[in-house]
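The structure is shown first.

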Amino acid sequence: MISVLKRWLDSDVGYSFRQSPTAMVAAAIAFVCLFCSVFAGWVSPTNPFDLATLELGDARLPPVWLEGGSSKYLLGTDDQGRDILSALIYGSRISLIVGLASVLLSVAFGVAMGLLAGFRGGWVDALLMRLCDVMLSFPAILVALLIAGVGRAMFPDAHESLAFGVLIISISLTGWVQYARTVRGSTLVERNKEYVQAARVTGVAPLRIMVRHVLPNVLGPVMVLATIQVATAIITEATLSFLGVGAPPTSPSLGTLIRVGNDYLFSGEWWITIFPGLMLVLIALSVNLLGDWLRDALNPRLR
Amino acid sequence: MSAPDFQAKPLVVAHDLAKTFDVSAPWLNRVLERKPRQLLHAVDGVSFEIPKGQTLALVGESGCGKSTVARLLVGLYEPTRGGLTFDGQDAHSAFKSPDAKAMRQRIQMIFQDPYASLNPRWTVEAIIAEPLTEHGLISDAAELKTRVASLLQSVGLSALDMPKYPHQFSGGQRQRISIARALATAPEFLVCDEPTSALDVSVQAQVLNIMKDLQRERGLTYLFISHNLAVVRHVSDRVGVMYLGRLVELADKHTLFANPRHPYTRMLLDAIPKMHDTGRARTPVQGEVPNPLNPPSGCSFHPRCPQATDLCKSERPPLRHFKGIQIACHGVV
Amino acid sequence: MSLLQVKNLVVEFPNRHGTLRALDDISFDIAPGEILGVVGESGAGKSLTGASIIGLLEPPGRVASGQIVLEGQRIDQLNADQMRHIRGRKIGAIFQDPLTSLNPLYTIGRQLTETILAHLPVTPQEARRRAIDLLKDTGISAAEERIDHYPHQFSGGMRQRVVIALALAAEPRLIVADEPTTALDVSIQAQIISLLKKVCKDRGAAVMLITHDMGVIAETCDRVAVMYAGRIAEIGPVHQVINHPSHPYTAGLMASIPDMDSDRERLNQIDGAMPRLNAIPSGCAFNPRCPQVFERCRQERPELGSAGGTRAACWLHQGVAS
């Protein structure tokens with residue numbers, strides 16, 4: 001493990017990483033957020049969603065550095081006495097899970113479609129590309145809104161995980177098209193290369209060629225896109241939650257927190273909405289910067 | 001060169017092979033712009049035989065169809081017309097049958113571009129082992145490793161190169177890895193598509209020497225495609241000259257180079273810059289290879305031929321036997 | 001007086017592992033009207049030499065030391081503006097790929113007259129007349145009509161003729177041609193080579209012909225320089241270098257080329273490969289592969305010295321082994 005890391009750091013990509021303070025800071029921030037989310041139980045001072053620990057009397061306290069604040073609740077509390085800092089940590093966990101899961105799904109589906117279109121060509125290619133065009137003509141949020149709303153209407157008493165499932169699917173359905181197109185383009189190039197022809201001459205089955213030969217060579221640009229897409233997915237999820245069709249209120253994500261806090265914004269209790277908003281920006285920004293750096297680092301090597 | 005093996009039947013027989021590609025614009029464009037269908041006759045009726053243990057070279061300039069012939073012979077394309085017999089068996093129906101693998105074990109190919117012919121994400125060991133595992137020839141992992149190592153050694157590389165990736169090797173070394181891969185299934189027939197065109201001269205010498213050594217040791221039969229007549233003269237036993245999808249002359253090496261009969265062959269030989277004849281004055285032939293989508297009528301060489309007659313413009317000359325060679329020219333036969 | 005003098009040219013590429021010396025102390029001259037061939041295998045530095053002379057070295061590559069003197073004037077230290085005046089007027093360039101050498105959006109007439117007007121004090125009508133003459137000289141039929149055609153309306157060989165015309169447009173004294181026939185068919189190659197010879201001799205322009213094809217060199221050049229690992233191994237009259245080479249590398253190279261006149265069972269091969277720029281051996285760069293190596297070759301780097309009918313950088317021909 002250490003030797004792999006060492007070899008990566010020594011490579012051209014690793015060198016570029018070490019030269020870029022932005023990338024290093026962004027990676028550090030993203031790592032910290034990820035760490036906190038995974039180990040939320042230990043990192044967070046309280047569990048804000050455990051109703052037993054809430055004290056209604058502590059509701060709407062300002063952050064510790066303002067008058068009236070308490071060191072028990074570093075960033076203040078919301079209208080039900082929940083510690084904002086803890087809510088942030090648990091909320092970003094939801095956001096990250098939804099973001100990563102939907103990107104993984106998008107990538108899996110998009111890459112498969114792109115490979116199929118590029119490899120088979122002909123009417124399969126034409127059909128899939130027209131499907132992509134149709135999907136692109138719908139604004140992403142509307143599609144997600146539609147599917148999430150329909151899901152809710154169909155299963156009004158649904159269990160929480162079903163709600164999450166619908167949410168993840170709706171976000172992933174908006175993102176797969178760009179992977180499909182990128183992979184299709186790369187597949188068209190790789191398909192004509194001699195190593196693919198050599199495999200055909202040997203008699204390797206087309207599916208095997210697609211997966212074992214072509215796929216590893218077309219994943220490069222996908223990695224860059226996926227990294228940037230994580231940020232977009234998180235923001236999309238936040239938007240959906242803000243609009244009320246995202247994460248359920250019992251496990252609020254950052255978007256839900258923003259929405260809830262919005263109602264209190266103009267009564268002066270700004271911390272309930274601003275801190276979740278800042279957290280969202282921080283995560284999205286660091287992931288985006290990482291993606292930008294990755295694209296530039298990989299670029300000169302894409303001969 | 002190895003002496004020709006006098007067998008009852010030659011190993012490879014191509015008969016009237018033809019391949020046409022449809023390069024028309026997409027259907028919608030054609031309908032809207034009223035464009036006609038465009039067909040590219042890349043190979044237009046090519047016939048030849050290759051005896052076992054010998055090398056047939058196909059030469060020609062761009063657009064002559066030699067690369068397409070190579071791909072027809074290994075089953076990468078299906079012929080539009082004509083047939084291919086390998087060791088007495090109909091090759092193309094064999095390629096489509098469930099027994100295709102048995103045929104594919106015996107025929108392999110080496111490609112032109114050393115940079116694109118090896119998968120950059122696979123190790124050298126995996127690349128060479130693939131034909132072996134694909135055909136189920138070796139199942140034991142240790143035996144596979146030993147076999148890959150010995151294949152690498154037979155092309156002048158070492159077993160230590162197995163875990164490396166293609167980008168760690170030079171062009172000549174990569175081409176040798178390609179040869180090792182092609183030899184993995186112990187094939188009898190190798191189709192080589194310009195294997196040394198992308199290599200430096202001294203590296204080319206190394207690769208050509210290896211290929212000749214291997215042919216002698218293993219009794220391989222080669223189809224060697226090239227545009228470089230000097231290389232062809234060095235490696236081949238017989239030479240076929242192609243022009244716009246057709247064979248214009250087919251003869252054994254010595255005869256072709258000493259006494260070329262077809263006007264195109266003469267022109268090609270004259271056009272080669274000669275190294276040891278510095279300052280020689282030549283009369284270069286005018287004109288260029290015509291657009292293959294719109295070939296001239298009759299004999300496709302007639303616009304550039306100094307001896308063209310009206311017959312040449314109207315009637316296509318068939319490939320006929322003449323004084324020990326085969327030639328397609330009204331003026332000669 | 002020489003038209004072009006390259007003296008002790010060193011070209012370096014700094015990168016994160018250190019500095020790579022791509023050209024290591026190159027010196028040669030080109031006389032007015034002479035055709036000098038520069039031949040070598042990939043990585044030897046021949047294209048870099050051409051690029052340094054034209055001033056088109058890609059950063060981070062740079063001329064670290066040495067001089068390039070054209071008609072008595074130093075050109076390696078000029079700024080971009082000054083170099084622009086030299087390029088075209090005094091030095092013309094022909095590159096390998098005729099497809100990308102011409103701008104597809106402009107007619108060839110426009111590209112020709114633009115070059116002529118940029119460097120010569122003539123009227124636009126005169127420039128057009130000259131352009132038509134140039135096209136005729138380079139063998140393009142119906143020049144008066146075709147001058148208004150676009151590059152895509154020409155075939156590969158025709159395009160290369162237009163590129164030659166473009167290189168000659170401002171009447172330069174030196175043409176740098178980098179692999180001008182490599183991308184063309186053999187029959188077209190022959191036409192282009194004889195055309196290049198003819199128009200350059202007619203105009204008294206010297207040519208620096210960079211290629212890896214010894215046959216082309218044999219037919220076109222007066223002298224040839226053989227490059228190896230960023231240095232010149234041998235330089236001399238073309239007949240001498242090809243038939244009586246002094247440097248073992250040149251001899252090995254000539255012997256490994258399959259040739260139309262002799263029938264050999266095996267081609268001579270030079271074992272090993274050209275060293276990478278970051279792993280050049282000490283002493284003579286060729287010493288690990290040389291069949292006639294001795295101790296001095298591994299210690300000291302030889303300079304070009306006279307050897308038979310040529311100049312070669314080889315201890316076999318210089319002084320007594322110490």
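This is a predicted model: local features need pLDDT of at least 70, side-chain atom pairs count only at pLDDT 80 or more; totals for chains, interfaces and linings use all residues.

Residues are numbered from 1 along each chain as its sequence is written, and chains are lettered from A and ligands numbered from 1 in the order in which they are written.

Chain B gives 31 residues to the contact with chain C, and chain C gives 37 residues; two residues are in contact if their C-beta atoms, placed from the backbone, lie within 7 Å. On the side of chain B that touches chain C, the elements with two or more residues are α8 (201-218), α9 (229-235) and α11 (263-271). Helices (H or I, at least four residues) and strands (E, at least two) are DSSP runs, numbered from the N terminus. The largest share of this side of chain B, six residues, comes from α8(B).

Most residues other than glycine have a negative phi, and most peptide bonds are trans.

| Residue | Phi | Loop |
|---|---|---|
| Leu244(B) | about 50° | between β9 (238-243) and β10 (246-252) of chain B |

Leu244(B) is buried (20 or more other C-beta atoms within 10 Å), with 24 C-beta neighbours inside 10 Å. Ala142(C) is exposed (12 or fewer), with 10 other C-beta atoms within 10 Å.

The peptide bond from Pro59(C) to Pro60(C) is cis, with omega near 10°. Pro60(C) lies in the loop between α1 (46-54) and β4 (62-70) of chain C.
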